[in-house]
Amino acid sequence: MTISRRDVLLGATATAALVPLAARAQTSEVVIGVIYPFSGGSAQQGVDAQKAYETALEVINKDTDFDLPLAKGEGLPGLGGAKVRLVFADHQADPQKGRAEAERLITQEKVSAIIGTYQSAVAVTVSQICERYQIPFVSADNSSPSLHRRGLKYYFRAAPHDEMYSAAMFDFFDALKKKGTKIETLALFHEDTIFGTDSGNAQAKIAGERGYKIVSDIKYRANSPSLSAEVQQLKTANADVLMPSSYTTDGILLVKTMAELGYKPNAIVAQDAGFSEKALYDAVGDKLEGVISRGTFSLDLAQKRPMVGKINEMFKARSGKDFNDLTSRQFMGLIILADAISRAKSTDGEKIRDALAATDIPGEQTIMPWKRVKFDEMGQNNDADPVLLQYVGGKFVTIFPPQAAIAEAIWPMK
Amino acid sequence: MGLLYGLIAVGLALIFGLMDVTNFAHGEFLMIAMYLSFFLFAFFAIDPLLSAPLVAAAMFVFGAVVYLLIVRFAMRAKTNAGMVQIFTTFGLAIVMRGLAQFFFTPDYRSIPQSWLGGKTISFAGIFLPEPQLVGALVSIAAFAGLYFFIHRTDFGRALEATREDPGAVALVGIDKNRVFAFGWGLGAGLVGLAGAIMAVFFYIYPDVGASFALIAYVTVALGGFGSVFGAFAGGIIVGLVEAVTALMLPPSLKSVGIYAVYLLVVFIRPRGLFGSM
Amino acid sequence: MDKNFAARRRRDLIVAGALATLAALAPLFVKDVYVQNILILTLMYAALSQSWNILSGYCGQISLGHALYFGIGAYTTELLFTKFGVLPWFGMLAGGGIAALIAMGLGYPFFRLRGHYFVIATIVIAEIGLLLFQNWEWAGAAMGITIPVRGDSWLKFQFLRSKLPYFYFALGLCCLAWFVTWWLEDSKWGFWWRAVKDNPEAAESLGVVVFNSKMGAAAVSAFLVAVGGAFYAQFLAYIDPESVMGFQFSLLMALPAVLGGIGTLWGPVLGAAILIPMTELTRSYIGGSGRGVDLIVYGALIVAISLALPQGLVSLFSRAKAKNQVKNQVKGATR
């Protein structure tokens with residue numbers, strides 16, 4: 001009884017307005033849905049992501065001479081040069097809205113695939129909807145390990161997840177220990193949403209396996225108005241390494257509070273997120289000389305692969321920022337997805353899925369330090385090697401693994 | 001930290017507590033003040049400590065304008081005035097967030113260098129961060145000033161009288177709107193002070209107010225509506241309880257302690273610790 | 001019983017029946033899943049808001065913590081289903097029952113509080129619930145619970161693509177909430193509540209019975225909201241504390257009733273029918289810009305409606321018959 005005719009009319013006009021778009025979509029262009037938070041607390045990540053995808057779109061749709069899939073020539077060769085069009089949708093960090101937007105993109109905008117989402121909780125519902133409609137979902141920048149273990153057929157992630165990242169950190173510790181550095185105690189500091197919880201669990205598990213002692217495991221409330229009490233505990237524990245998993249906001253507050261309370265750990269090894277954001281280093285970079293963060297991307301790669309630098313310039317022209325760990329993954333995610341659509345020679349979800357499953361791109365043809373892009377049966381790329389970066393003199397240098405490193409780690413940090 | 005909560009709450013204590021107007025946009029007032037402070041720093045290199053009076057003055061005007069343009073009408077409602085106030089100010093909060101995102105972009109900002117930022121006085125092993133210390137001093141001064149203002153000046157008495165019986169004060173020639181606009185201005189100005197201090201050590205983005213708003217409401221209610229001293233005491237209690245809870249429970253539950261103390265207090269004293277209404 | 005009053009109630013019932021029938025036929029014409037999705041959400045929020053209205057509108061106990069009951073409904077259902085294999089239909093009832101018990105347990109100390117103290121207490125209790133679930137490992141903590149969807153099944157109340165079962169469930173819930181409200185209006189409780197609202201002193205003399213009736217209202221309200229939460233969990237097939245217990249749910253339950261007309265029979269339905277489509281459409285069609293325009297439009301509309309129509313949109317309809325109704329209500333109250 002609540003549906004007035006007005007609703008139905010409203011809905012009907014909305015649909016009618018979209019029909020021409022959808023019809024056009026099927027002829028000479030391929031539509032891909034991009035779902036991000038464009039308003040609310042993490043709107044900045046959404047806006048940055050939009051710029052990253054637009055950069056990727058330029059590489060795909062225009063003729064460029066990079067050694068990337070689809071860079072040469074215009075559009076998708078497998079579909080007679082069809083252009084890719086992106087439709088952006090706002091999920092406001094709400095799983096329900098993410099789900100509704102995914103459904104709208106699939107049924108109204110007739111997207112061939114969806115890419116997203118920054119927040120892992122939203123990725124859960126979006127990927128479920130994609131599975132139901134048999135439309136591939138590329139998880140460009142979600143790092144929660146539980147995502148690919150749900151037995152979904154249409155889920156793909158080219159980037160590493162938090163267990164791989166954490167394992168790389170512990171590999172690094174092991175290597176340092178062999179050289180005689182003392183690393184025995186760790187302090188975990190993670191936020192209480194999916195990202196922090198997953199990351200904290202992974203780190204605690206690996207620490208236990210490899211015989212490191214966790215002297216402090218602090219889970220804090222995301223976006224807390226104060227972190228004084230938490231930092232006081234960290235200071236008391238005084239571990240050899242502090243391992244934070246924080247988004248930008250909490251990261252800034254953490255570093256500022258540490259400075260105020262006079263806590264200077266021997267080393268900080270961070271789980272990306274906030275610690276790869278320009279905003280954090282703009283705010284408190286001076287206090288972070290020597291901080292180490294895991295990542296999937298490093299501008300150092302530009303020395304070996306000049307195109308990385310050039311593509312970074314393209315992105316910088318749009319956003320005023322260098323590629324970071326998130327935006328580079330987003331860029332690469334869209335390239336990989338578009339490449340699969342081109343090889344599928346179809347906009348049909350199932351064919352694109354099969355093409356994605358058959359993806360095998362050598363690492364040199366990416367902007368990442370990865371071995372290659374090849375998905376396992378769960379849709380996870382296990383050859384995406386994470387790197388560890390150290391913040392030295394206002395920029396990041398790669399320090400691990402040895403084959404990608406360009407400098408020795410400074411330990412302890414200043 | 002408790003005194004800082006108090007500082008954020010003091011403006012609310014005036015608007016919410018003394019004038020009995022629900023203001024759900026309090027956190028957004030704080031956000032605007034922090035942005036003002038940030039821009040004064042970014043463009044004119046004015047240290048937040050110096051710009052605090054400027055920010056407070058600007059916020060005073062802003063608060064008065066908001067009252068005259070919007071809140072005034074919300075108070076006119078004859079029926080369910082409480083709900084109208086809640087949702088008018090709630091809608092206002094959303095608009096302010098949207099505008100902030102539109103004009104300031106959602107980027108996280110923060111003031112990298114300032115006279116106080118990151119400096120610490122250490123005293124017998126206890127660290128007292130300077131921004132917090134200054135915040136605490138400003139907070140005490142603000143409370144003392146407001147207390148004096150309400151209880152010792154004609155205006156303060158007018159304010160109280162207006163809240164209690166707008167009809168009667170009209171008879172003795174007090175314009176209710178002028179009194180309340182001034183009150184809102186003052187409340188917003190105090191938030192301006194808080195925002196300027198907060199900007200030194202907190203990050204700034206359009207949604208930043210949300211983290212503080214609930215704590216501020218609880219602080220004011222804990223102390224009791226209508227009591228300036230109550231809000232001051234409330235702030236200190238909230239700060240202490242938070243620190244103690246964080247030691248006993250996982251820190252992610254530290255707010256639970258604050259909330260539980262609030263519930264406990266109002267169950268025993270339904271008007272808060274020092275409330276008069 | 002007053003004749004006019006009875007006539008109005010009869011008319012309300014007939015209008016509701018007609019609207020419900022119309023709504024039930026809507027899916028024949030609306031095939032688009034996005035629009036269906038909006039319809040489902042609209043019905044769900046209408047039902048939630050209607051339930052909220054029983055306690056906050058009719059009893060005047062403004063709660064901004066109903067997200068607690070919503071979350072309890074969602075979590076009870078899904079924990080029972082994923083951990084013990086209890087079918088959602090039973091889980092739903094269990095969730096409703098637990099929520100009702102909690103509401104009564106809280107009502108005892110809470111109803112002594114007045115005004116802002118009560119409102120803040122409700123916000124705070126919902127926040128506590130949220131934080132506890134966020135840290136409760138067994139219940140999935142921040143990871144939430146993913147509900148395995150194996151295919152269409154009425155028994156498990158899950159459907160892969162079809163929205164219709166959800167639509168009819170939401171419609172049913174909405175009708176139930178409306179009918180309960182309709183029935184309460186003319187009950188002893190409804191009579192007391194009106195009397196208390198019209199004449200606060202009467203509250204003193206009625207003391208105990210009013211207190212008990214408020215407890216009843218809290219329980220009914222919480223039960224219905226919890227069933228709504230269980231429905232939402234099934235509909236979404238994934239829950240985490242933030243997305244079923246967040247403060248925004250408390251507000252979203254209250255908003256339609258306030259915009260439509262708080263403490264009225266038709267207010268919540270009317271408010272939801274306008275608010276929810278508006279929210280969804282502004283986000284979908286102007287939200288992708290990343291510039292917050294959708295927020296500005298949405299917020300400005302809320303301000304405008306609250307200021308222009310403090311008694312809600314319902315007052316637009318009743319203005320013409322205002323005189324009549326006032327008379328009816330007075331008679332109804334003093335009957």
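The legends below describe close-up views of a predicted model.

Residues are numbered from 1 along each chain as its sequence is written, and chains are lettered from A and ligands numbered from 1 in the order in which they are written. Local features need pLDDT of at least 70, side-chain atom pairs count only at pLDDT 80 or more, and totals for chains, interfaces and linings use all residues, while side-chain values use heavy atoms, with hydrogens and water left out.

**View 1. The two domains of chain A.**
Chain A is assigned domain 1 (5–160 + 303–373) and domain 2 (162–295 + 387–400), with bounds that come from an automatic or database domain assignment. Taken over C-alpha atoms, the centres of domain 1 of chain A and domain 2 of chain A are separated by 30 Å. Their contact (heavy atoms within 4.5 Å) involves 19 residues from domain 1 of chain A and 17 residues from domain 2 of chain A. The size of an interface is often given as the accessible area lost when the parts come together. Between domain 1 of chain A and domain 2 of chain A, the buried area (the accessible area, with a 1.4 Å probe, that two parts lose on being put together, summed over both) is about 1,500 Å², with 50% of it on carbon and sulfur atoms.

**View 2**
The interface of domain 1 of chain A and domain 2 of chain A holds 2 salt bridges, a salt bridge being a side-chain nitrogen of Lys or Arg within 4 Å of a carboxyl oxygen of Asp or Glu. R149(A) pairs with E163(A) in a salt bridge whose closest N and O atoms are 3.0 Å apart. Between the two domains of chain A there are 5 residue pairs in polar contact, both at pLDDT 80 or more. A polar contact is a pair of N or O atoms within 3.5 Å; within protein, one must be able to donate a hydrogen and the other to accept it, and residues adjacent in sequence count only if both atoms are side-chain atoms. On the side of domain 1 of chain A that touches domain 2 of chain A, at least two residues each come from α2 (43–61), α4 (120–133) and α12 (325–344) of chain A. Helices (H or I, at least four residues) and strands (E, at least two) are DSSP runs, numbered from the N terminus. The residues of this side of domain 1 of chain A comprise 6 nonpolar, 8 polar and 5 charged, where Ala, Val, Leu, Ile, Met, Phe, Trp, Tyr, Cys and Pro count as nonpolar, Asp, Glu, Lys and Arg as charged, and the others, Gly among them, as polar.

The structure holds 33 salt bridges over all chains. One of them joins R294(A) and D162(A), with the closest N and O atoms 3.0 Å apart. R294(A) lies in strand β10 (residues 292–295) of chain A and D162(A) in helix α5 (residues 162–178) of chain A, so the pair ties together parts that are 132 residues apart in sequence.

**View 2. The interface of chain A and chain B.**
Here 40 residues of chain A are in contact with 32 residues of chain B. The two chains bury about 2,800 Å² between them, 55% of it on carbon and sulfur atoms. The interface of chain A and chain B has 1 salt bridge, in which K254(B) meets E230(A) at 3.0 Å, N to O. Chain A and chain B also share 5 residue pairs in polar contact. Elements giving two or more residues to the side of chain A that touches chain B include β7 (213–220), α7 (228–237) and α8 (248–260) of chain A. The largest share of that side, 8 residues, comes from α8(A).

**View 3. The interface of chain A and chain C.**
Contacts link 44 residues of chain A with 59 residues of chain C. About 4,400 Å² is buried between chain A and chain C, and carbon and sulfur atoms give 59% of this area. Across this interface there are 3 salt bridges, including R221(A) with E242(C) at 3.8 Å, N to O. There are also 6 residue pairs in polar contact between chain A and chain C. α3(A) gives the most to the side of chain A that touches chain C, with 9 residues. By class, that side has 15 nonpolar, 16 polar and 13 charged residues.
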